[in-house]
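Have the sequence and the 3D view ready as you read.

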Amino acid sequence: MELVNKVALVTGGSSGIGRETAKLFAAEGAKVAIADIDTTGGLSLLEEIKNSGGDAMFCTCDVSNESQVQDWITNVVNQWQHIDILVANAGILAIGSLEEASNLDWDKVLGTNVKGYAFCAKYAIPHIRKRGGGAIVNVASIAALIAFPGFALYNTTKGAVLQLTRSLAHDLATENIRVNCVCPGVIETFQTQQFADWQGLTKEEVINQLAATVPMKRIGKPQEVAQAILFLASEKASYITATSLVIDGGYTVQ
Ligand SMILES: NC(=O)c1ccc[n+]([C@@H]2O[C@H](COP(=O)([O-])OP(=O)(O)OC[C@H]3O[C@@H](n4cnc5c(N)ncnc54)[C@H](O)[C@@H]3O)[C@@H](O)[C@H]2O)c1
C-alpha cells in the first residue's frame with residue numbers, strides 16, 4: 001500500500017474524480033478527509049469507505065469560503081494530528097462565452113476553481129511543512145493547455161491552476177513539498193451530464209460525440225485520473241515537482 005500513515009485532504013470528494021481519488025487513497029492506507037458542498041454524496045462516500053475497511057471523515061465545506069476551509073483543516077488536525085497530502089479538486093464547469101458572463105459568474109467560478117485551490121493550499125501547507133514534507137496535487141484540466149471554444153471562464157481558471165501549481169512548487173521546493181497538477185481530458189462524471197444538457201443532447205449522445213474526437217476513441221474514467229493523482233501524491237514521484245500530467249487519451253496531441 002502506497003499511503004500508509006498518511007493523512008490526505010481531498011476536496012470535491014462527493015462525486016466524480018474526487019470520489020474515486022478518496023476511495024483509492026483509503027484503499028492505499030491513507031486517512032482521507034473529504035470536503036464538499038454536497039453533504040448527501042459525502043456521507044454516502046464515507047459509508048462506502050468505512051464499509052471497505054478504510055478510514056475517512058467528511059466535512060460540508062465550500063472551498064470558496066476561506067473561513068470554512070480554515071475550520072475544516074483545523075478539525076482534521078484536531079482529529080488526526082497531521083496532514084501529508086492535499087488533493088485540490090473541487091471545481092465547477094462554467095459554460096459560456098466571456099460576453100455572456102456576469103460579474104457574479106466570474107465571482108463563482110474564480111471563487112471555486114482558483115481561490116478555493118489557493119485557500120486549501122494556504123491552510124494545508126503549514127501542517128505539511130511540520131511533517132518535513134509532503135505533496136499537493138491540483139486537478140487542473142487540458143483546458144489549462146488548450147482553449148476550448150465557448151469556455152473562456154473555465155479555460156482561464158484552469159490556466160490559473162497550472163500557474164498556481166508552478167508557483168507553489170517553486171516556492172516550496174526546498175521544503176520537500178512537491179506540488180504538481182493533473183490535466184484530465186474528457187472524463188465521464190456529473191460534468192458530462194451538464195455538458196450534455198447544455199448541448200440539448202442525452203448523456204450517451206454526448207459521450208459518443210466526444211469519444212469520436214479523442215485519438216483513443218473513448219472518454220476517460222474518473223478512476224484513471226485517480227491513479228495518476230495517487231502516483232503524484234506517492235513516494236514513487238519523489239523527484240517530481242511543478243509538472244502537469246496529462247490524462248486525455250491523446251486529445252492534446254492533435
Ligand atoms: N469531468 C471532466 O471531463 C473533467 C476534465 C478536466 C478537469 N476536470 C476537473 O476535475 C475536477 C472534478 O470534477 P468532476 O468532473 O469530478 O466533477 P463533479 O461535478 O462530478 O465533482 C465535483 C465535486 O466538487 C464539488 N464542489 C463544487 N463546488 C464546490 C465548492 N465550492 N466547495 C466544495 N466542493 C465543491 C461538487 O459538489 C462535486 O462533488 C474539477 O476541478 C473539474 O474542473 C474534470
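What follows is a short report on the shell around the ligand.

This is a predicted model, in which local features need pLDDT of at least 70, side-chain atom pairs count only at pLDDT 80 or more, and totals for chains, interfaces and linings use all residues. Residues are numbered from 1 along each chain as its sequence is written, and side-chain values use heavy atoms, with hydrogens and water left out.

Around the ligand there are 29 residues, each with a heavy atom within 4 Å of it. Ser15, Asp36, Asn89, Tyr154 and Thr189 come nearest. By class, the shell has 14 nonpolar, 11 polar (Gly counts here) and four charged (Asp, Glu, Lys or Arg) residues.

| Side chain | Distance to a ligand oxygen atom |
|---|---|
| Ser15 | 2.5 Å |
| Asp36 | 2.6 Å |
| Lys158 | 2.9 Å |

On its own the ligand has 830 Å² of accessible area, and the protein covers 93% of that (Shrake-Rupley method, 1.4 Å probe).

Terms used:
A polar contact is a pair of N or O atoms within 3.5 Å; within protein, one must be able to donate a hydrogen and the other to accept it, and residues adjacent in sequence count only if both atoms are side-chain atoms.
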